[in-house]
Amino acid sequence: MTLGPRHPDTVTLVSATGNPAPPEHPRSVEQDAGVPGRPRHAWLWASVWLFYVYYPARDAWHETGARRVVGLAAVALFAATYVTAFATVPRPLRGTTRRRQALAVGLVVLGLVLAVLIVAVLGEANLAVFVYVAVLAMFLLPVRWGWVVVVTLLGGTYAGQLLIPGWHIEGSVQFQIFVAAVAMWAVTQIIARNRALAAAHQEIARLAAQEERNRLARDLHDILGHSLTVVAVKAELAGALVRRDPDRAETEIRDVERLARTALGEVRAAVAGNREISLAGELANARTALDAAGIDADLPSAIDDVPPERRQLFAWVVREGVTNVVRHSAASRCQVRVSPSTVCVWDDGGKASTVDVSAGGHGLAGLRERAEAAGGRLQVGRAPEGGFALTVSVGR
């Protein structure tokens, strides 16, 4: 019996070829990294289509003597080669190890040799085994070389039918080889697209995790930088007052306790990702911090003209700017000016004027990220009084 003209349904072999199970989300990057492009259980889907190997196996069984033994052995090894290819070798070869490349090429060559042996022993009726070879080539090899093998199979089978006495040119085998190759090429393209999509999802997840780490680092810096600065200033002030003004020292110690508890709550909120600050609250905190540091505070009394969507950004600017004044400057006076589109913090000190936002400082770098995310711009430079000026502008 033939697998060709007398069994035209072998064209359905094209689904073999590896109609893969719908790609699943990888359980882990490490699990799937070693098998790029190969869907899970592909060998099972491929094995289903080995049903058609029944025909050459039956023809071999009807032979006698050495032809039966050789035929059956060749069919069995051919089926094993086909399943092994789908079970062990990923596609595409590009980017995989040389050992896998050698295995893939070896399986295609072995499949081709066994197919030739099957046809040589069992005759023209079993030419359709070359359909499996076409599928292997398109699955295992880079596209260019896969098509080279397919064209070779088309030419070789046609030449055999043309030149070998008793064989007939019908074209059905060539049609099956071509259709199977096109189908396998389409399947591998789908697999490649799914891999690219999975890689894109992985990259998006990585970037999201990195962004969350950056947000947490920025928030913790802003929270602890400001709070610990004020705590340190107030603790130092309490230490200086403990003998000459115990009541005032006690008040400062209570403020230190309050600030520490507030900072702890803000850290928890930052970790939970739902922390917000208000411009009015930061202006009040700024006055407390500046007074504790002995710096004259010139702050706005009203913020009603600031759009609500900009107030949180402006609050971060006030917090970072005042923290820098308290920590780094030798200032005696600090001014904060707020308009609907701009917030500016400057002082009359000298040290802070040397701060460089591009030098890697977390506070100003994080503030620049916040400003850019809101469509604004951060500027640092020298204040009119000779100290440091920090300005963020948004829109007009």
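Mentor: What follows is a short tour of helix packing, an aromatic pair and a sheet.

Trainee: What kind of model is this, and what cut-offs apply?

Mentor: This is a predicted model, where local features need pLDDT of at least 70, side-chain atom pairs count only at pLDDT 80 or more, and totals for chains, interfaces and linings use all residues. Residues are numbered from 1 along each chain as its sequence is written, and side-chain values use heavy atoms, with hydrogens and water left out.

Trainee: How are helices and strands picked?

Mentor: They are DSSP runs numbered from the N terminus: H or I of at least four residues for helices, E of at least two for strands.

Trainee: OK, α4 and α6. At what angle do they pack?

Mentor: About 20°, with the axes 11 Å apart. Helix α4 covers residues 65-88 and helix α6 covers residues 129-140. Axes are lines fitted to C-alpha atoms, for helices over the stretch in contact, and angles run from 0 to 180 degrees between N-to-C directions.

Trainee: Parallel or antiparallel?

Mentor: α4 and α6 are roughly parallel to each other. The classes are roughly parallel under 35 degrees, roughly antiparallel over 145, roughly perpendicular from 65 to 115, and oblique for the rest.

Trainee: Which residues make the contact?

Mentor: From α4, Phe 78, Tyr 82, Ala 85 and Phe 86. From α6, Val 129, Tyr 132, Val 133, Val 135, Leu 136, Phe 139 and Leu 140. Contact means heavy atoms within 4.5 Å.

Trainee: How many of those are nonpolar, polar or charged?

Mentor: The contact of α4 with α6 has 11 nonpolar, no polar and no charged residues. Ala, Val, Leu, Ile, Met, Phe, Trp, Tyr, Cys and Pro count as nonpolar, Asp, Glu, Lys and Arg as charged, and the others, Gly among them, as polar.

Trainee: Switching to rings. How many aromatic pairs are there?

Mentor: The structure holds 6. Rings of Phe, Tyr and Trp (its six-membered ring) pair if their centres lie within 6.5 Å; planes under 30 degrees apart count as stacked, over 60 as edge-to-face and the rest as tilted.

Trainee: Why is the pair of Phe 86 and Phe 139 called stacked?

Mentor: The ring centres of Phe 86 and Phe 139 are 4.4 Å apart and the planes sit at 25°, so the pair is stacked. It links distant parts of the chain, with Phe 86 in α4 and Phe 139 in α6, 53 residues apart.

Trainee: What about α6 and α7?

Mentor: Helix α7 spans residues 143-163, and its axis comes within 8 Å of that of α6, crossing at roughly 165°. The two are therefore roughly antiparallel. Phe 130, Val 133, Ala 134, Ala 137 and Met 138 in α6 meet Gly 146, Trp 147, Val 149, Val 150, Leu 153 and Thr 157 in α7. That contact divides into 9 nonpolar, 2 polar and no charged residues.

Trainee: Now the sheet. What is the strand order?

Mentor: It is an open sheet of 5 strands, β1-β2-β3-β5-β4, with mixed pairing. β1 (296-298) and β4 (376-382) stand at the edges, each with a single partner strand, so one side of each has no neighbour in the sheet. Two strands pair if DSSP finds at least two bridges between them.

Trainee: How do β1 and β2 pair?

Mentor: In the parallel sense, over 3 bridges. Ala 297 has Cys 334 in β2 as its bridge partner.

Trainee: And β4 with β5?

Mentor: Those run antiparallel, joined by 7 bridges. Val 380 has Leu 390 in β5 as its bridge partner. β4 and β5 form a hairpin with 5 residues between them, and Gly 386 in the turn has a positive phi of about 100°.
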